[in-house]
Structure formats: C-alpha cells, structure tokens
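Thanks for passing this one along. Here are a few notes to read with the model open beside you.

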Amino acid sequence: QVQLVETGGGLVQAGGSLRLSCGVSGRTFSTIAMGWFRQAAGKEREFVAAISRSGGATTYGDSVKGRFTISRDNVKNMLYLQIDSLQPEDTAVYYCAAAATSYNEQVYRVKSRYNYWGQGTQVTVST
C-alpha cells in the first residue's frame with residue numbers, strides 16, 4: 001500500500017507562485033511513476049503533469065505547459081509541483097497520484113494508470 005500526503009496549497013493572487021509537495025511512503029519511491037491532477041468545482045479531474053521513476057522524463061497538460069514544473073527527490077521520497085504565473089482558472093484541488101505498475105522512463109497522462117491518490121490540497125487564485 002502506498003500512502004500519499006499533499007501539502008502546500010493556499011490562497012494566492014494571480015501572477016503568484018506556489019510549490020506543492022507530496023510525501024510518499026509504503027513502497028520504494030524510485031519504483032513508482034508519479035503524476036499530478038487537479039479538479040475544479042463541478043469539473044472532471046484533469047491531468048496536470050507526470051514524471052517517470054527516475055525523474056528523467058516529464059510531460060504536462062496543455063493548459064499548464066511552460067508555467068508548471070514537476071520534479072521529484074528519490075532520496076527524500078518527495079514529489080513536487082512548482083506553479084508559476086498562477087491564473088484564476090488554476091483554482092482547483094490538486095492531487096498527487098502513484099502508478100504502482102510503471103516501466104523505466106514511461107510517463108502516464110491518464111487517470112486509469114494511477115492506483116493510489118492523495119487527499120488533495122486546495123489552490124485558490126484570486127484576481
């Protein structure tokens with residue numbers, strides 16, 4: 001069983017920055033591909049970013065490309081999401097997710113590849 005705990009959300013003005021963190025336990029972190037998703041009120045959960053087991057490969061959703069950066073620290077068992085140039089449409093609950101079955105440098109953009117999810121952290125962007 002993999003446990004995920006997100007932190008770092010909050011209220012920020014448009015144009016500001018946040019760094020979300022996700023602590024992972026229960027399994028050797030370097031064997032798990034990871035991702036971030038978000039869900040705004042009344043909308044489907046949306047892919048944000050994903051990273052391979054080593055951190056050597058990443059991919060981003062079109063709406064966040066160039067503003068968000070996913071990274072990981074396999075020594076500290078931590079996943080990060082740096083969010084810059086925040087916009088009101090970034091307001092959502094952000095979830096980290098773990099893909100228990102993953103291969104080498106593959107990254108996954110679909111929810112169905114992820115077996116474990118954190119409880120989410122709220123990000124609210126004000127104008």
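1. A charge counts as sitting over a ring if NZ of Lys or CZ of Arg is within 6 Å of the ring centre and within 35 degrees of the ring normal. Arg19 meets this over the face of Tyr80, at 4.1 Å from the ring centre. The charged end of Arg113 is placed over the ring of Tyr108, also with 4.1 Å to the centre.

2. A word on the ground rules. This is a predicted model, where local features need pLDDT of at least 70 and side-chain atom pairs count only at pLDDT 80 or more, while totals for chains, interfaces and linings use all residues. Residues are numbered from 1 along each chain as its sequence is written, and side-chain values use heavy atoms, leaving out hydrogens and water.

3. Now the aromatic rings. Rings of Phe, Tyr and Trp (its six-membered ring) pair if their centres lie within 6.5 Å; planes under 30 degrees apart are stacked, over 60 edge-to-face, and the rest tilted. That rule gives 4 aromatic pairs. Phe37 and Tyr114 make an edge-to-face pair, because their ring centres are 5.3 Å apart and their planes stand at 80°. Phe37 belongs to strand β4 (residues 33-39) and Tyr114 to the loop between β9 (92-99) and β10 (116-117), so this pair ties together parts 77 residues apart in sequence. Strands here are DSSP runs of E, at least two residues, numbered from the N terminus.

4. Phe37 and Tyr114 are both buried (under 20% relative accessible area, 1.4 Å probe, protein chains only). One aromatic cluster takes in Phe37, Phe47, Tyr114 and Trp117.

Technical notes. Helices (H or I, at least four residues) and strands (E, at least two) are DSSP runs, numbered from the N terminus. Buried means under 20% relative accessible area, exposed over 50%, partly exposed in between (1.4 Å probe, protein chains only).
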